[in-house]
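Please have the sequence and the coordinates open while reading.

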Amino acid sequence: MSLSLQTPPSTTLSSASSIPRTTTGSTFSFYLRPTPSPTLHFNSHRSLPQTRASASSINTVSTTELDAVSAFSEIVPDTVIFDDFEKFPPTAATVSSSLLLGICGLPDTVFRNAVEMALADSECYGLENTKARLSCFVNKAFANVGNDMAKLVPGRVSTEVDARLAYDTHAIIRKVHDLLKLYHDSNVPPHRLLFKIPSTWQGIEAARLLESEGIQTHLTFVYSFAQAAAAAQAGASVIQIFVGRIRDWARNHSGDSEIESAQLRGEDPGLALVTKAYNYIHKYEHKSKLMAAAVRNKQDLFSLLGVDYIIAPLKVLQSLKESVASPDEKYSFVRRLSPQSAAKYMFSDEELVKWDQDSLAKAMGPAAVQLLAAGLDGHAEQANRVEELFGKIWPPPNV
């Protein structure tokens, strides 16, 4: 985001507008800064070595639980768009199709002009092909809003790449280059930008090639160790795993060996995947930062302390902010994930392969396959809705 969307600890605010949220949980994201903005990581696995925070990171005097957990991981609030800025001022942001729909549904937002200016752009206006014209409008809207975001936040702005391109490496790269040129024209430097790409093999390969050009990528829809390891080998700047979605799948399905192995160890499969991916990244010194998304409650947070970024519901963050953490509080704030514990983690030979398209396809179980498809479908639907909406409101009435 990536998450750092900012290298120092920061928090994001992911939000959906008044537009109904899809089952895939598509959101617009704003990275926010709580009081001090450290990082959170928690993991509930007893088998993991535990490193307690030093007195320098958690004061002996009373502080909030949010301050305490932020000493370990960067917190990323998942909340309603444009709300709660005073409570959680944004430090970085994500621009997505969901965000564009939200802006169009809230005409008084500060970003509405950015969309209207995109719809009045003469370069797009002159294109006779309807599909090309709408694509141009969307690219301009993404870049205009992203440019405004870059002025608002000190951290990085992550821009969503069209999910409909998920199985076309060259189309993904072209889209990123097109967006990057628009940002360049607006004087937004590359180091302020991330590009959010689905973790299909083609998306992972696109990330590898883009990272080799110095373009920062954020791989999303990761639901298996194979995807996480391949993304790390590709050098993705940020890798995002959806803890709660994996848990939900496991509650209603069976037949996935990776999930069943975690369950046999008495572990939550979503938390276990984050732990394993973190250990792989750190043990083998990959540059990627890891983001845990779809975190549902405090215990999830506490179980992931030490991971780079955690996206948490606003109600959880509000509870953390309102709860005083004294030295004798009932929760012990323990770093569950660390480079030291990662160094001791043992991987099988099968997990240490150089991942390619064939090995990735064979290693992805039914959970990863189904959840990836659902995520892509939801985001593709959002992209279609944006184009449909732009087709109806173009040209904008007040430009």
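## Salt bridges

Asp-121 and Lys-140 form a salt bridge, with their closest N and O atoms 3.4 Å apart; the term requires a side-chain nitrogen of Lys or Arg within 4 Å of a carboxyl oxygen of Asp or Glu. Asp-121 lies in the loop between helix H3 (112–119) and helix H4 (122–125), and Lys-140 in helix H5 (residues 130–152), so the pair ties together parts that are 19 residues apart in sequence. Helices (H or I, at least four residues) and strands (E, at least two) are DSSP runs, numbered from the N terminus. Both Asp-121 and Lys-140 are buried. Buried means under 20% relative accessible area, exposed means over 50%, and partly exposed lies in between, with a 1.4 Å probe and protein chains only. A network of salt bridges links Asp-121, Glu-123 and Lys-140.

The model is predicted: local features need pLDDT of at least 70, side-chain atom pairs count only at pLDDT 80 or more, and totals for chains, interfaces and linings use all residues. Residues are numbered from 1 along each chain as its sequence is written, and side-chain values use heavy atoms, with hydrogens and water left out.

## Two further salt bridges

Glu-351 and Lys-276 also meet through their side chains in a salt bridge, at 2.3 Å from N to O. This pair links distant parts of the chain, 75 residues apart: Glu-351 is in the loop between helix H14 (339–344) and helix H15 (357–363), and Lys-276 is in helix H11 (residues 269–283). Glu-351 is buried, at a relative accessible area of 16%. Lys-276 is buried too, with a relative accessible area of 16%.

Asp-358 and Lys-362 form another salt bridge, where the closest N and O atoms are 3.1 Å apart. The two residues are four apart in helix H15, so about one helical turn separates Asp-358 from Lys-362. Asp-358 is partly exposed, with a relative accessible area of 44%, whereas Lys-362 counts as exposed at 66%. The whole structure holds 17 salt bridges.

## Aromatic pairs and charges over rings

A pair of aromatic rings is described by the distance of the centres and the angle of the planes. Rings of Phe, Tyr and Trp (its six-membered ring) pair if their centres lie within 6.5 Å; planes under 30 degrees apart count as stacked, over 60 as edge-to-face and the rest as tilted. The count comes to 10 aromatic pairs. In one of them, the ring centres of Phe-225 and Tyr-280 are 5.4 Å apart and the planes stand at 90°, so the pair is edge-to-face. Phe-225 lies in helix H8 (residues 225–234) and Tyr-280 in helix H11, so this contact ties together parts 55 residues apart in sequence. Phe-225 is buried at 4% relative accessibility, and Tyr-280 is buried with a relative accessible area of 4%.

The rings of Tyr-345 and Phe-347 have centres 4.7 Å apart and planes at 50°, so this pair is tilted. Tyr-345 is partly exposed at 23% relative accessible area, while Phe-347 is buried at 9%. Ring pairs link Phe-225, Tyr-280, Tyr-284, Tyr-345 and Phe-347 into a cluster. The charged end of Lys-276 sits over the ring of Phe-225, 4.8 Å from its centre; the rule is NZ of Lys or CZ of Arg within 6 Å of the ring centre and within 35 degrees of the ring normal. The charged end of Arg-245 sits over the ring of Phe-242, 3.9 Å from the ring centre.

## Strand S8 and its neighbours

In strand S8 (residues 193–198), six of six residues are buried. Leu-193, Phe-195 and Ile-197 cover one side, and Leu-194, Lys-196 and Pro-198 are on the other; all are buried. Strand S7 (residues 157–160) runs parallel to S8 and is joined to S8 by four bridges; strands pair if DSSP finds at least two bridges between them. Glu-160 stands opposite Lys-196 in S8. From S7 the chain crosses through helix H6 (residues 169–185) to S8, in a right-handed β-α-β crossover. Right-handed here means that, with the strands pointing away from the viewer, the path from the first strand over the helix to the second runs clockwise.

S8 is also joined to strand S9 (residues 217–222) by four bridges, and these strands run parallel. The bridge partner of Lys-196 in S9 is His-218. The chain passes from S8 through helix H7 (residues 201–212) to S9, and this β-α-β crossover is right-handed.

## Overall figures

The secondary structure comes to 16 helices and 14 strands. Of the 399 residues in the protein, 60% are buried. The accessible surface is about 16400 Å², of which 51% belongs to carbon and sulfur atoms; areas come from the Shrake-Rupley method with a 1.4 Å probe, and for residues only the protein chains shown count as cover.
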